[in-house]
Amino acid sequence: MSDPQEVISGGIGDLHSLKAIVTGGGSGIGLATAQLLAARGADVAVLDLNPAAVQAPLRRYTMNVMDAAVVDAAVRIAVRDLGGLDILVNNAGIGAIGTVEDNDDAEWMRVLDINVLGMVRTSRAALPHLRKSVHASIVNTCSIAATAGLPQRALYSASKGAVQALTMAMAADHVAEGVRVNCVNPGTADTPWIGRLLEQAPDPAAERAALNARQPLGRLVTADEVAAAIVYLAGPSAASVTGTALAVDGGMQGLRLRPKGR
Ligand SMILES: NC(=O)c1ccc[n+]([C@@H]2O[C@H](COP(=O)([O-])OP(=O)(O)OC[C@H]3O[C@@H](n4cnc5c(N)ncnc54)[C@H](O)[C@@H]3O)[C@@H](O)[C@H]2O)c1
């Protein structure tokens with residue numbers, strides 16, 4: 001058995017011989033992550049409600065994280081095809097707009113079901129396989145909404161707050177088994193999701209400018225930048241990193257700037 005700290009053949013960041021599952025890898029951050037994992041040498045299975053955009057060498061599987069039986073079957077088949085599992089990226093998620101008054105119970109249950117229970121279901125299905133790996137790692141896609149109070153995001157923020165707490169609890173539960181668990185907290189990222197959000201705004205250009213201005217770097221985060229953080233946490237280079245939330249948010253959480261010109 002090899003040492004978890006051992007750098008795989010090609011050096012730091014090389015993921016040859018590792019096998020990965022990415023949920024929600026059909027678009028945006030998940031697709032960028034799956035492509036980067038593959039570019040670093042990993043064999044990657046994308047599990048998504050709509051994997052139509054997923055191209056070889058990525059493997060693609062249709063899966064709805066809302067259905068435990070479907071998740072169990074998809075993870076089992078993907079692990080069989082991959083020949084094992086080292087990395088799980090729990091990335092599938094949906095948005096929700098509004099204050100605490102704006103969504104009914106059914107919508108609360110739907111969003112929490114996808115964003116929180118979805119990660120629970122895939123993790124539960126993957127853990128028996130991950131325990132067999134010496135490079136086992138889970139990375140959850142969380143959000144700046146877990147740590148900053150954003151207007152009109154009550155339900156979404158509650159779901160991502162739960163993801164961050166779940167990440168820490170899972171890290172504690174599985175550290176002795178050699179499974180690392182971390183999350184990445186993106187700021188507003190320029191993905192198809194944000195494109196859809198902007199389309200709904202009365203003035204999409206003004207809405208984009210407001211989102212850009214909210215981030216100290218003055219622009220949205222890119223999917224590739226988030227993917228780079230996920231892939232770092234997923235791989236053996238981060239062998240000593242567990243129970244961490246890594247912000248990729250253009251400084252939005254940590255910085256308190258003075259108004260321009262003052
Ligand atoms: N874009 C942002 O600004 C941003 C910021 C912070 C966090 N995030 C998080 O990043 C993750 C990815 O978001 P994105 O911006 O790339 O969105 P996206 O809409 O581009 O991609 C999300 C993917 O998840 C899949 N998906 C949705 N529901 C699913 C289900 N029930 N089962 C399986 N797959 C499902 C979709 O088919 C899609 O391929 C989400 O968890 C989101 O909360 C996004």
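Two residues are in contact if their C-beta atoms, placed from the backbone, lie within 7 Å. Keep that in mind as you look at this predicted model, where local features need pLDDT of at least 70, side-chain atom pairs count only at pLDDT 80 or more, and totals for chains, interfaces and linings use all residues. Residues are numbered from 1 along each chain as its sequence is written.

View 1. Six residues of domain 1 are in contact with five residues of domain 2. On the side of domain 1 that touches domain 2 there are two nonpolar residues, four polar and no charged. Here Ala, Val, Leu, Ile, Met, Phe, Trp, Tyr, Cys and Pro count as nonpolar, Asp, Glu, Lys and Arg as charged, and the others, Gly among them, as polar.

**View 2. The two domains of the chain.** Domain 1 covers 19-186 + 222-247, and domain 2 covers 190-220; such bounds come from an automatic or database domain assignment. Their C-alpha centres are 24 Å apart.

**View 3. Helices and strands.** You can look for seven helices and seven strands in the chain. These are DSSP runs, numbered from the N terminus: helices are H or I with at least four residues, strands E with at least two. Following the sequence, their pattern is β-α-β-β-α-β-α-β-α-β-α-α-α-β.

**View 4. Inside the chain.** Of the 262 residues in the chain, 45% are buried, meaning that 20 or more other C-beta atoms, placed from the backbone, lie within 10 Å of the residue's own. Among contacts between residues at least 6 apart in sequence, 72% join residues at least 24 apart. The C-alpha trace spans about 55 × 45 × 35 Å along its principal axes.

Terms used:
A residue is buried if 20 or more other C-beta atoms lie within 10 Å of its own, exposed if 12 or fewer, and partly exposed in between; C-beta atoms are placed from the backbone.
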